[in-house]
Amino acid sequence: MSTAIIGVGNIGGAVARHLVAGGEPVVVAAREESRAKALADELGPNARAASVEDALTGADAVVLALWLDDMREVIPEQARLLAGKVVVDPSNPIRFDATGQSFRTLPDDQSAGSVVASLLPAGAHYVKAFGTLGADALAVSANREPRRAALLYATDDDSAATTVERLIRAAGFDPLKVGGVAAAGRLETPGGDLHQFGLNGEIIDLEQARTALEGAQQPA
Ligand SMILES: NC(=O)c1ccc[n+]([C@@H]2O[C@H](COP(=O)([O-])OP(=O)(O)OC[C@H]3O[C@@H](n4cnc5c(N)ncnc54)[C@H](OP(=O)(O)O)[C@@H]3O)[C@@H](O)[C@H]2O)c1
């Protein structure tokens, strides 16, 4: 079993490094194949660079480490190859203007997760995951001691949950399910109460994540 990672930037690069360190084989792809190749060369024999099509063909799971706008193009182009796969979505509804200022790209009540899930072909197994930490925090928090950092995920799909829990553990984190796709927005920034930036920048462990989740579910 291998995991395709489409996009080798901040998030795709960190996820690929963590998975390979945890013994998971990965196939990486980007717009520029040379960037994927540079990452695969750095990661060694458990990583391979490929075109997007080739990466998807051989994988049972795929991490779409792409901006939401790019997903709107890539997913329809690759719909046939995404059917039957576990599709992991770390995206946020965010873009940056010319001055570097970020802004929300979707209405407050619409999550990037709901958009990505709706773009997928029937038979794809959608899960929101690997986006709850800023990229810098994700890069340095694998196998944290004495308590692992938690990565929260959302899915309505049992096989996606099983696969993403395996990937999150292999990457060096503790997984926690927060709900179905309807809860995806809680894991996104801006606005998500269970995203690192909705938690005062804290990188929480599993116990703190459970407390945050249960606290938010208490009636006011
Ligand atoms: N950065 C963060 O702190 C952070 C945190 C949590 C979640 N996220 C989310 O994670 C996603 C990725 O963010 P990022 O910061 O990793 O972005 P990034 O560093 O800009 O990387 C984006 C990657 O997408 C690839 N790409 C773009 N169009 C493509 C296409 N048509 N086919 C194949 N690959 C394509 C790019 O390829 P090239 O390298 O060839 O250009 C690049 O490797 C976004 O949705 C973001 O909201 C980001």
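Where in the chain does Pro146 lie? In this predicted model, Pro146 is placed in the loop that runs between α7 (135-140) and β9 (150-154). The peptide bond that joins Glu145 and Pro146 is cis, with omega at about 0°. The loop between α7 and β9 also holds Asn143. Asn143 is not a glycine, yet its phi is positive, at about 55°. A cis peptide bond is also found from Thr189 to Pro190, where omega is near 5°. Pro190 belongs to the loop between β10 (174-179) and α9 (206-217).

The ligand sits in the largest pocket. Two elements, α1 (10-21) and α4 (68-77), each give two or more residues to the shell around the ligand. The greatest contribution is that of α4, which supplies three residues. In all, 24 residues are around the ligand, and those that come nearest are Ile11, Glu32, Arg35, Leu66 and Trp67. Sorted by class, the shell consists of 13 nonpolar, seven polar and four charged residues.

For Asn10, a polar side-chain atom lies 2.9 Å from an oxygen atom of the ligand. For Leu66, one of the residues that come nearest to the ligand, a polar backbone atom is 2.6 Å from a ligand oxygen atom. Asn92 likewise takes part through the backbone, with a polar atom 3.1 Å from an oxygen atom of the ligand. On its own, the ligand has 900 Å² of accessible area, and the protein covers 85% of this.

Aromatic pairing was considered last. A pair of aromatic rings is described by the distance of the centres and the angle of the planes. The count comes to one aromatic pair, and this pair is formed by Trp67 and Phe96. Their ring centres are 6.1 Å apart and the angle between the planes is 90°. With planes over 60 degrees apart counted as edge-to-face, the pair of Trp67 and Phe96 is therefore edge-to-face.

Conventions
Residues numbered from 1 in each chain as written. Predicted model: local features only at pLDDT ≥ 70, side-chain atom pairs only at ≥ 80, totals over all residues. Heavy atoms only, no water. Near = heavy atom within 4 Å. Polar contact = N/O pair within 3.5 Å; in protein donor to acceptor, adjacent residues only side chain to side chain. Areas by Shrake-Rupley, 256 points an atom, 1.4 Å probe, with all protein chains shown as cover. 1 Å grid on protein atoms, 1.4 Å probe; cavity = no way out; pocket = protein on both sides within 12 Å on 5 of 7 lines; lining within 4 Å. Sits in = over half its atoms within 2 Å of the grid points. Helix = DSSP H or I, 4+ residues; strand = E, 2+ residues; numbered from the N terminus. Nonpolar A, V, L, I, M, F, W, Y, C, P; charged D, E, K, R; others polar. Phe/Tyr/Trp six-rings, centres within 6.5 Å; stacked < 30°, edge-to-face > 60°.
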